[in-house]
Amino acid sequence: ITYIIMNWKRLENTLEITRKLKQQVVPTNVFVWNNNPDMLYEDPNADLIINSNRNIRCGASLLLMPYVMEGCVVKLDDDLIPTSNQASQSILDQLERAETMAQCPAVIGLASEHWYPNGTQRNSTTLEKVDSVKGRLWATRRKTLNNLSSFDIFKKDNEQSHHWEMPITAALSKQGVSFYNTPDLFNYFTDRPIEEVSCFWESSHVPNRNALRRKYYKDIKND
């Protein structure tokens, strides 16, 4: 299992996350993309570190996914701290469960949502099939991404720069991939947000998500 973590301005969180990921019972690789140009990120628990000279937002996680050669790839936000050395095993178990239910490749995660054509959403709170899994905790088999064209995703007027899960959800849905909310994973992670550095509070955050939901709604619903 390989984790991709975006470091921004929660350095203590990121360092704690990588340390705890290396204590998992499942062999774990950790990739860190540092979007903070004001610091040089160093970490003995990271297997791969990219220090960017500018913030290119969470879409950078897509650039690292091809370098996960096998197994499971997990995009994890820097405000979700593992609380158990069984967290990785739980992700693998939940992914297998979703694949069995769907009888096809699957993506699992937290903060999952159902999309409505007016650009709103209902967040899922139970284990169920959903329209999209937000990038907070987003996990799938590496082989599920083999036919995904990053060039197709990145042609969308740079809209993936933060809400990258919108175009990737639409693309994977067209390939028959199912998405599942897996709230049991909250038993293995705890929230540690630092609100003043959260992108959620940017004035463009909610309007951009609403616009992208409307754009991709038909692609996903028609699949």
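Which strands does helix H1 (residues 11-21) lie across?

Modeller: Happy to. Please keep in mind that this is a predicted model, in which local features need pLDDT of at least 70 and side-chain atom pairs count only at pLDDT 80 or more, while totals for chains, interfaces and linings use all residues. Numbering starts from 1 along each chain as its sequence is written, and side-chain values use heavy atoms, leaving out hydrogens and water.

Helix H1 lies across strand S1 (2-7), S2 and strand S4 (72-76), and runs at about 170° to S1. Helix H3 also packs on the sheet, where it touches S1, S4, strand S6 (106-109), strand S11 (137-141) and strand S12 (178-181), and its direction makes about 65° with that of S11. (Helices, H or I with at least four residues, and strands, E with at least two, are DSSP runs numbered from the N terminus; angles run from 0 to 180 degrees between N-to-C directions of axes fitted to C-alpha atoms, for helices over the stretch in contact.) Ser90 belongs to H3 (residues 87-102). Ser90 is buried at 6% relative accessible area (buried is under 20%, exposed over 50%, partly exposed in between, with a 1.4 Å probe and protein chains only). Beyond its neighbours within four places in sequence, Ser90 is in contact with Leu185 and Tyr188 (contact means heavy atoms within 4.5 Å).

Now the sheet itself. Its eight strands are ordered S3-S2-S1-S4-S11-S6-S12-S9, forming an open sheet with mixed pairing (two strands pair if DSSP finds at least two bridges between them). Strand S3 (48-51) and strand S9 (128-130) are the edges, each pairing on one side only. From one strand to the next, the twist averages 25°.

Three bridges link S7 to S8, and His114 stands opposite Arg122 in S8. Two bridges link S7 to S10, where Ser112 stands opposite Val133. Five residues separate the strands of the S7 and S8 hairpin, and there Gly119 takes a positive phi near 90°. In a regular strand, side chains alternate between the two faces of the sheet. In S7, Ser112 and His114 point one way, Glu113 and Trp115 the other, and all are buried.

The 17 residues of H6 (residues 205-221) should span 24 Å at 1.5 Å a residue, and its end C-alpha atoms are 23 Å apart, which agrees (the expected span is 1.5 Å times one less than the number of residues). H6 does bend by about 40° at Lys215 (the angle between axes fitted to the seven residues ending there and the seven starting there). Its buried residues are His205, Arg209, Leu212, Arg213, Tyr216, Tyr217 and Ile220. Their cover includes strand S7 (112-115), strand S8 (121-123) and helix H5 (165-174).
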